[in-house]
Structures are given as structure tokens and as C-alpha cells.
Amino acid sequence: MNVTSSRVDQSLETAQPGILDLGLLLIAVLLVSLDPVLTRLSENELGPNATVFNRELIASVIFIFWQGVFIIWNSQFSDYSSTQDSRTISIGILATFLSVVIFGEICLVTWAISLTQTSIANSNLLHNLPSVFVVLGGWLFLGQKFDQKFILGMIVAVCGAITIGIEDLHVSPKNLIGDFWALSSAIVYAGYFLSIEKLRSRFSSLTISLWYCTLSSALLLPFVLLLEHRVFPTSFLGWVNIFSLSVLCQVVASVIFIYQLKRFSSGFVSLFMLLQPILSAILAWIVFKEYLSFINWIAFGVVLCGIYLAKSSEVSKK
């Protein structure tokens, strides 16, 4: 596995997390907030599996080109050598890569399914609750410890996020099925975050993204051929939607999130993503005319307070 891009990450990781890092996280959240809207638009032509397959296939092509540029660039520097390049890839590392792919695939597919059976606001509310499961999983399986300030910040932020979709929690049985899929995606999303955090101590964000998208698209292809009636979009607008979904949400946003997992803990990054339901709800209000009440704006402030409280904890930093 090539890690020639690790020099870029290493040169940026010497400073302590600051305003720039939070700004990058906010940009990533803004981009990911487009995910459910673009996914629903793509599902006008494609099924959930085909939508995820196309976004990852396009992303893998971009990452391969990106990695090729780094290889050519680094070949010009004969005095450069990465200590990471010479490390042996163990069975444990391969297993972790496989777990990232499995968790990521299940997360995206279950979320895509939920968007066909419940509202965007409700789906995002439940999908973006992995922080609770990340903290629990990190404590149970990775021996991570969290202080009272971080836990309190998480509780405040989660309560604010729940307030956003509280009016949607008593909807029809069909929507409850969609809510179940969204909550399931949050649980496996936590496994994705924890697995990525383990890999980030060894590989660059570009290398992880490249292998994840390549392996994921290859793994999902048989399911697309068996379960979907159409593999690729058939209209120009369909290609625009899926290409935008891949570039903005799968390439740019995911690279930022993976990179920041070496700056912040997985618990804090997943907690920061609680801003996404608010932004997605606003987009859904604009694009799909979905209802957005005044209490959503109150919840926005509550979530911000919780994130600020968690950020002030030393546990949030790496």
C-alpha cells in the first residue's frame, strides 16, 4: 500500500489543533450536509446500492489519479523516504482495512435505504448520532477514557440534535422503518470511525481513502448487478447528481474527516458531525419544502454549546 502522500499530512500535523482545523471540519460538515439531498436526487434513477457504488467508483478513479500525481511528484525528491513505506503490512492492519470497508459500505447503504423511507431531517438526525456509539465502543474495545466535560458536552449536543427531529419521531410505520435503517447506519458508522482512527496512526488520509473506495466499489458491484435494475445513470442530470455526490461528499469531505482523525479524537469528530442534521434540514426545507420549525434554530445553538464544551476538553485532542 503506497503512502507517498504521508509527507503532506506529516508536515501539517506538527501544530496543535486550532481554528483552521475546526474550519476544515466545518467545511466537511457543510459538504456532507449535501449528501442526503444529492443521494435522494440520485435515487430518482438509481437504487440505493447503485447510488453508493457509483459514488465510490468515481471517487476511486479520482483517488488513483491523485495518488499517481503524488508518486510522480515525490519521485523528483531523491532525498525523500517515508519510514511508513518500509513497514510490513500485518494481518491485523489488513483486517482493520477490511472492517473499514464493511462498516463503511453497510453505513452508506442503510442510510441510502432510509432516505427512501423517511424524511431527510429524521434520517440525518438518527444517522448522525454515532458519537454515542463511538464513545461507548472506544471505551469498551480501545480502552479510551473520556472526562466529565467531554461527556457533558456530548450529552448537550446530542439532546440538541434530537430536538431537531423530535416532531418526526411519531410518524407513520413506513417512516419508522426508515428511522430504523438510519439508526442502524449510525451504529455501524461508529465502527467506521473507530477503525479509521486506528489506521490514521499509520497511513495518510489519501491512502486510506484510496483503498477504501477501491475495495468498497469492487465489493458492492456483485450486489448491484444482482439487486438493482440499473447500474449507471441514464440522464445528464443523473450523472451531474452522482458526480457531485462523489466529489463533494466522498472525496473532499471524507479526506478532511479522515485527516482530522489525527488531530482530534474520533469521539469529537463524530460529535462535530451533529451539525450536519441542522444544515441538511435547512437544505431539505429549501429544496424539498420539508417543514423546518423555529425550534430547530434553538437546537442549533444547543448543539453548538455542546460541541464547544466538548472541544474545551483535553480528550478531544490527539
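**Group meeting: an all-helix pattern and its interior**

Read along the sequence, this protein chain runs α-α-α-α-α-α-α-α-α-α-α-α-α-α. That is 14 helices and 0 strands. Helices (H or I, at least four residues) and strands (E, at least two) are DSSP runs, numbered from the N terminus.

Before going on, some notes on the source. The model is predicted, so local features need pLDDT of at least 70 and side-chain atom pairs count only at pLDDT 80 or more, while totals for chains, interfaces and linings use all residues. Residues are numbered from 1 along each chain as its sequence is written, and side-chain values use heavy atoms, with hydrogens and water left out.

I will start with the chain as a whole. Of its 318 residues, 55% are buried, where buried means under 20% relative accessible area, exposed over 50%, and partly exposed in between (1.4 Å probe, protein chains only). A contact means heavy atoms within 4.5 Å. Among contacts with a separation of 6 or more, 91% are between residues 24 or more positions apart.

Next, the cores. A nonpolar core is a set of buried Ala, Val, Leu, Ile, Met, Phe, Trp, Tyr and Cys residues joined through side-chain atoms within 4.5 Å. The largest one has 70 residues, and Phe63, Phe257, Phe268, Leu274 and Val303 have the most contacts inside it. Leaving aside residues up to four places away in sequence, Val303 touches Ala157, Gly160, Ala161, Leu274, Leu275 and Ile278. A second, separate core has 5 residues, including Ile58, Ile242, Leu245 and Cys249.

Now the cavities. On a 1 Å grid over the protein atoms alone, a cavity is a set of points where a 1.4 Å probe fits but cannot get out, and its lining residues have an atom within 4 Å of a point. Grid points are joined across faces, edges and corners, and a volume is the space filled by probe spheres set on the points. How many cavities of 30 Å³ or more does the structure hold? There are 2.

The largest cavity has about 270 Å³ of space. It is lined by 21 residues, and the closest to its centre are Leu108, Tyr189, Tyr192, Cys249 and Ser254. Helix 5 (91-114), helix 9 and helix 11 (236-260) each give two or more residues to this lining. Helix 11 gives the largest share, 6 residues. The lining divides into 15 nonpolar, 4 polar and 2 charged residues. Here Ala, Val, Leu, Ile, Met, Phe, Trp, Tyr, Cys and Pro count as nonpolar, Asp, Glu, Lys and Arg as charged, and the others, Gly among them, as polar.

The second largest cavity is about 40 Å³. Its lining includes Asp35, Thr39, Arg55, Leu108 and Trp111. Helix 3 (35-42), helix 4 (48-74) and helix 5 each supply at least two of the lining residues.

Helix 3 is largely enclosed by the rest of the structure, because 7 of its 8 residues are buried. Asp35 and Arg40 are among them.

Arg200 is in helix 9 (residues 173-200). Is Arg200 buried or exposed? Arg200 counts as buried, because its relative accessibility is 1%. A polar atom of its side chain lies 3.3 Å from the backbone oxygen of Tyr259.

Phe264 sits in the loop between helix 11 and helix 12 (266-272). At 0% relative accessibility, Phe264 also counts as buried. Phe264 and Glu197 are 67 residues apart in sequence, and 9.6 Å apart in space, C-alpha to C-alpha.

Conventions. Polar contact = N/O pair within 3.5 Å; in protein donor to acceptor, adjacent residues only side chain to side chain. 1 Å grid on protein atoms, 1.4 Å probe; cavity = no way out; pocket = protein on both sides within 12 Å on 5 of 7 lines; lining within 4 Å.
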